[in-house]
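Reader: I would like to learn how to read a protein structure, one feature at a time. Could we go through one together?

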Amino acid sequence: MANNADEAPELAALGGSLVINMGSITPEATNNYVRAAQAYNANSQPVLFDPVGAGATGLRRETVKKLMADCYFEVIKGNESELSVLWGEVNTQQMGVDSGISTSSDLDKAALTMKLAARERNIIVLTGKTDFLSDGIRTYAIKNGSGYLGRITGSGCTLGTTIAACLAAHREDKLLATMSGILMYEIAAEQAAVRDD
């Protein structure tokens, strides 16, 4: 949880991974996001980007463009609305950070995930009732988890950190590492949902 990009070069040299969560946008935060991601890129350390509320405001859309142009992200994780903005759909308007009701089929969501991953040359995770992940060649659907996850503030943020930890531990196959993080998190949610305590 470092918010000062002056620390990023030293932290990147230690190994691990970085999560850029676009929850708060200020000029200082955006500058820190770019500098931190570039430090991790320079050290060949994984960076996960969570474009929270990417389509909610013009400022968020412009910040996404800047981050995508200035940084490389091994994994981009977002809901359907957020990833549609990254793909370039200009008619996407989010109501805050929530995705809203989807009118897309699972096949459409898988296609968006795959084509965005192929274009960006990374791993894309589209979260929802069914999660989709792709490296542009291999595309998977995951139907684990609990309905409680959608009612918990920050559950997507926590998923991002779980994926980032798996990326740091298993660098040989980023898609497999990402899938492992999602499954670990969502199976844990299933087990927690049935507990009495």
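Reader: Is Ser-44 buried or exposed?

Author: Before I answer, please note that this is a predicted model, in which local features need pLDDT of at least 70 and side-chain atom pairs count only at pLDDT 80 or more, while totals for chains, interfaces and linings use all residues. Residues are numbered from 1 along each chain as its sequence is written, and side-chain values use heavy atoms, with hydrogens and water left out. Buried means under 20% relative accessible area, exposed over 50%, and partly exposed in between, with a 1.4 Å probe and protein chains only. Ser-44 has a relative accessible area of 59%, so Ser-44 is exposed. Ser-44 lies in the loop between helix 2 (27–42) and strand 2, where helices (H or I, at least four residues) and strands (E, at least two) are DSSP runs numbered from the N terminus. The phi of Ser-44 is near 55°, a positive value in a residue other than glycine.

Reader: Where is Arg-121 found, and what is its phi near?

Author: Arg-121 is in the loop between helix 5 and strand 4, and its phi is near 60°, again positive in a residue other than glycine. With 69% relative accessibility, Arg-121 counts as exposed.

Reader: How many strands does the open sheet have, and what is their order?

Author: Two strands pair if DSSP finds at least two bridges between them. Here six strands make an open sheet in the order 1-2-3-4-5-6, and their pairing is mixed. Strand 1 (18–21) and strand 6 (139–142) are the edge strands, each pairing on one side only. From one strand to the next the twist averages 15°, where axes are lines fitted to C-alpha atoms, for helices over the stretch in contact, and angles run from 0 to 180 degrees between N-to-C directions. Strand 1 and strand 2 run parallel and are joined by four bridges, with Leu-48 in strand 2 as the bridge partner of Val-19. Strand 5 (residues 131–134) and strand 6, by contrast, run antiparallel, also with four bridges, and Asp-131 stands opposite Ile-142 in strand 6.

Reader: Which residues form an aromatic pair, and what is the distance centre to centre?

Author: A pair of aromatic rings is described by the distance of the centres and the angle of the planes. Rings of Phe, Tyr and Trp (its six-membered ring) pair if their centres lie within 6.5 Å, and planes under 30 degrees apart count as stacked, over 60 as edge-to-face and the rest as tilted. The structure holds one such pair: Phe-49 and Phe-73 are stacked, at 4.6 Å centre to centre and with 20° between the planes. Phe-49 lies in strand 2 and Phe-73 in the loop between helix 3 (58–70) and strand 3, so the pair ties together parts that are 24 residues apart in sequence. Phe-49 is buried at 0% relative accessibility, and Phe-73 is buried with a relative accessible area of 3%.
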